[in-house]
Amino acid sequence: MTRVPTPTHRDSGAIKRAVFKLGTNIVTRDSGELDVDTITDLVGQIAAAHSSGLEVVIASSGAVGAGMDTLIKLSPQSRARLRRRNVTARQAAAAIGQVDVIALYKNLFGALGIDVAQTLLSRSVLNQREGYLNVRGTMETLLEAGIVPIVNENDVVAVEEIVGVTYGDNDRLSAMLANVLDADLLVLLGEMDGLHTADPHNDPNAELIPDVYEITDEIRGFAGGPSDDRGSGGMRSKLEAAEVATLSGVDVVIADGHIERVVERVLDGEKIGTRFHSLVPPAESRKRWLLTGGTEAKGAVTIDDGAVRALTKQGNSLLPVGVTDVEGDFVRGDIISVRTLSGANVAWGISNYSASDTRLVMGQKSGMLSDILDSYFGREIVHRNNMVLGSSDARDSVPNAVAEDKE
């Protein structure tokens, strides 16, 4: 299930920058109202860490719940819409609640002499290279000034978190932020005390897994969805967040935010919850962006075993001869997923060609591209400089036979 612990690149130095994600079940009560007592306690802990020199970012959920009561009082017909998880009603609730959320953080941190900044993001911004760099620059400036950014998905324009399709309760947004900022640690605080061998809500024999050194298919099999209607995440979205972060060189801790002194204890290295250890050094900037956008790939190509070996064992680019199938309607410059014949994701990369052009040349030798296509952009479907490898499960899933050089 997990490998023997080995020192990671983070073990040799102190944590200098951390992202704390506070989930819906921490920020709000069952009624949807903000849980002022819990938020006050966590803000006090994070502020103490900030004052000791740690650069901190908070990704906070809770805006939808916080705005529901106000919306229903002013518009009674919205109650039925919210019960149906009507997207526009929930967006309106988020717009109302976000004011209360940021006001609470501003007051709590302000009382401790710390300024905060509201930052609303959508994944489409981070998926664009220019947007990625703009967010990075803005956040770096805030952190250098000693300001604590309070981040949330911009629910008015991005519906993925609301409908629970992509990020799930800001989990993956926080992982993307940790990636963007080259953080040392991502802490996901909710009501779950970590990853278990089964869903502890349903199986009393479920055991907590304290350390994960590699996210394998077995580990993924332990994850489930949300256990109630308040949060849109669940362990599955947290595991996806952990995978994005650890591939970027960021350690991740999933812990119960109600545990006494949880922030201080996690930062001190105490074994609380589940810690996902990154065994890779931080990727260089371009590949960090690819990892961030990879979870939002616009399409996919399936490649044969020889191509998998060429990518993972030899560090080669993806050539059209190894492509067996094309999925989606991506255009040149989009990030795409590269999959094995069994469907495992082996890499993400920037496509040199559109989906329609890739279909025309798949299985062909590179020397034929200029004859087949109206516009020629090089011999590779994805150049190795524009590619980042995924999990080792996919890399190890192909036979060990030496690949025949079909080019």
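## A first stop: D182

At 31% relative accessibility, D182 counts as partly exposed, a class that sits between buried (under 20% relative accessible area) and exposed (over 50%), using a 1.4 Å probe and protein chains only. D182 lies in the loop between α9 and β5 (185-190). Although D182 is not a glycine, its phi is positive, at about 55 degrees.

The model you are looking at is predicted: local features need pLDDT of at least 70, side-chain atom pairs count only at pLDDT 80 or more, and totals for chains, interfaces and linings use all residues. Residues are numbered from 1 along each chain as its sequence is written, and side-chain values use heavy atoms, with hydrogens and water left out.

## The chain as a whole

The protein chain holds 17 helices and 13 strands. Helices (H or I, at least four residues) and strands (E, at least two) are DSSP runs, numbered from the N terminus. Of the 407 residues in the protein chain, 54% are buried.

The protein chain exposes about 17,600 Å², and carbon and sulfur atoms supply 48% of that area; accessible areas come from the Shrake-Rupley method with a 1.4 Å probe, and for residues only the protein chains shown count as cover. Take the contacts between residues at least 6 apart in sequence: 74% of them join residues at least 24 apart. Contact here means heavy atoms within 4.5 Å.

Eight strands form an open sheet with mixed pairing, in the order β3-β4-β2-β1-β5-β7-β8-β6. Two strands pair if DSSP finds at least two bridges between them. At the edges are β3 (116-121) and β6 (211-212), each pairing on one side only. Strands β2 (residues 55-60) and β4 (residues 148-153) pair in the parallel sense over two bridges, and I58 has I150 as its bridge partner in β4.

Helix α9 lies across β1 (17-22), β2, β3, β4 and β5, and runs at about 160 degrees to β5. Such angles run from 0 to 180 degrees between N-to-C directions, and axes are lines fitted to C-alpha atoms, for helices over the stretch in contact. In helix α9 (residues 171-180), 10 of the 10 residues are buried, so the helix is largely enclosed by the rest of the structure. Among these buried residues are D171, R172, L173 and M176. Just after α9 comes D182, the residue with the positive phi that opened this tour.

Strand β9 (residues 299-303) runs parallel to strand β11 (residues 335-339), and three bridges join them. A300 stands opposite S337 in β11.

Two packed helices are described by the angle between their axes and the distance between the axes. Helix α3 (residues 63-74) and helix α5 (residues 87-110) pack at an angle of about 105 degrees, with their axes 6 Å apart. Helices α3 and α5 are therefore roughly perpendicular to each other, the class for angles of 65 to 115 degrees; under 35 counts as roughly parallel, over 145 as roughly antiparallel and the rest as oblique.

On the α3 side the contact includes A63, V64 and M68, while α5 contributes residues including R90, I96 and D100. The residues of this contact divide into 11 nonpolar, four polar and two charged. Ala, Val, Leu, Ile, Met, Phe, Trp, Tyr, Cys and Pro count as nonpolar, Asp, Glu, Lys and Arg as charged, and the others, Gly among them, as polar.

R261 is found in the loop between β7 (251-256) and α12 (262-267). R261 is not a glycine, yet its phi has a positive value near 55 degrees. With a relative accessible area of 39%, R261 is partly exposed. Which residues does Q45 contact, leaving aside its neighbours within four places in sequence? They are R261, V262, V263 and E264. Q45 belongs to helix α2 (residues 36-51) and is buried, with a relative accessible area of 14%.

Q364 lies in the loop between α15 (355-361) and α16 (369-372). Q364 is partly exposed, with a relative accessible area of 31%. The C-alpha atoms of Q364 and V321 are separated by 4.7 Å, with the two residues 43 residues apart along the chain.
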